[in-house]
Amino acid sequence: MSDPFFHPVSGFDLPRFAGVPSFMRLPHLTADHPRFADVEIGLVGVPWDSGTTNRPGPRHGPRQLRDASTMIRAQHPVTGQRPFETANCADLGDVGPNPADIQDSMARITAFFDQLAQNEIRPLTAGGDHLTSLPVLRALAKNRPLGMVHFDSHTDLFHSYFGGTMYTHGTPFRRAVEEGLLDPKRVIQIGIRGTMYDAEDRDFAKATGIRIVEIEEFFDRGVADVMQEARDIVGDQPAYVSYDIDFVDPTYAPGTGTPEVGGPNSFQALQVCRALAGLDIVGADMVEVSPPFDASGGTAFLGVSIMFELLCAMLSER
Ligand code: MN
Ligand code: MN
């Protein structure tokens, strides 16, 4: 049971549009707060998009996701799960990046998440572009490589961009495998689609044992069957969940830098998360929400709705 200090503000007590927005209306606290060490799940913003190779904007993601997250209520509609009563959840603020220096930003992000790991706080991160996952994994996978369930329309497994630039949002998981942060045989990528530069990323996956479920296979087999395979691949060992909002069809999630048509709808976007219940999830992220392209705010609302699903999966019975 969680401490009432960590319960979110209810819409019955203060209307959702009122107050200073924090993730899911949870208490906001920083590392110097006396209750910091009592936090079990930390919601963290990483307002950073220096890895973006195309249309920028995810640096503005955490602020809009926080605002949209005030719409989230306390109870899961299907399972009845009440995650905020299961564990102490809190908004731990944003990592301050250095928007002019990728390496310095990654060092700052890793240092922030190191501190969470030392306090046994599991992070649920709001990005940021997808390069964000790499410095997070450097903190979470220090002692052993992790498995990963990765939802995306892209593999993000490229070697480099622009003649040798190794750190972009198209390369994080190539680096993570090279650095021993991920066990490629326990990695599954779901929803992959769109026109391609070439097959270099697919070749890397084949050579290392990463399982790619292209969108045709996803729709042929359906959510339940694909997600059962995902569960089998990561097994009962520690795993990370990385969720790029461009997994979802741009009809439902236009607010992102690199959209790809022909994707899952917003219901399927939630369904895939529900199938993660019971896995040993050491951390999760929601990345690539780009408010400048999210004219209706609907992409951010879908993003935080997915974050609530991920939170419930992280706190489900094992
Ligand atoms: Mn991605
Ligand atoms: Mn993507």
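**View 1. The pairing of strands E5 and E6 in a predicted model.** Gln 189 has Ile 212 as its bridge partner in E6, and strand E5 (residues 182-192) runs parallel to E6 over four bridges. Residues are numbered from 1 along each chain as its sequence is written, chains are lettered from A and ligands numbered from 1 in the order in which they are written, and side-chain values use heavy atoms, with hydrogens and water left out.

**View 2. The open sheet of eight strands.** With parallel pairing, the strands follow the order E2-E1-E3-E8-E7-E4-E5-E6. E2 and strand E6 (211-214) are the edge strands, each pairing on one side only, and the twist from one strand to the next averages 15 degrees; such angles run from 0 to 180 degrees between the N-to-C directions of axes, which are lines fitted to C-alpha atoms, for helices over the stretch in contact.

**View 3. Strand E3 and its two neighbours.** Because five of the six residues of strand E3 (residues 122-127) are buried, this strand is largely enclosed by the rest of the structure; buried means under 20% relative accessible area, exposed over 50%, and partly exposed in between, with a 1.4 Å probe and protein chains only. Strand E1 (residues 41-46) pairs with E3 in the parallel sense over six bridges, and Gly 42 has Pro 123 of E3 as its bridge partner. E3 also pairs in the parallel sense with strand E8 (residues 281-287), over three bridges, where Leu 124 stands opposite Ala 284.

**View 4. Helix H3 and its surroundings.** The buried residues of helix H3 (residues 102-118) include Met 106, Ile 109, Phe 112, Phe 113 and Leu 116, and the buried residues of H3 pack against E1, strand E2 (89-94), E3 and helix H4 (133-140), contact meaning heavy atoms within 4.5 Å. Just after H3, Glu 120 takes a positive phi of about 55 degrees.

**View 5. Helices lying across the strands.** Helix H1 (residues 61-69) lies across E1, E2 and E3 and runs at about 110 degrees to E3. Helix H8 (residues 223-234) lies across strand E4 (146-151), E5, E6 and strand E7 (239-244), running at about 165 degrees to E5.

Conventions: This is a predicted model: local features need pLDDT of at least 70, side-chain atom pairs count only at pLDDT 80 or more; totals for chains, interfaces and linings use all residues. Two strands pair if DSSP finds at least two bridges between them. The expected span of a helix is 1.5 Å times one less than its number of residues.
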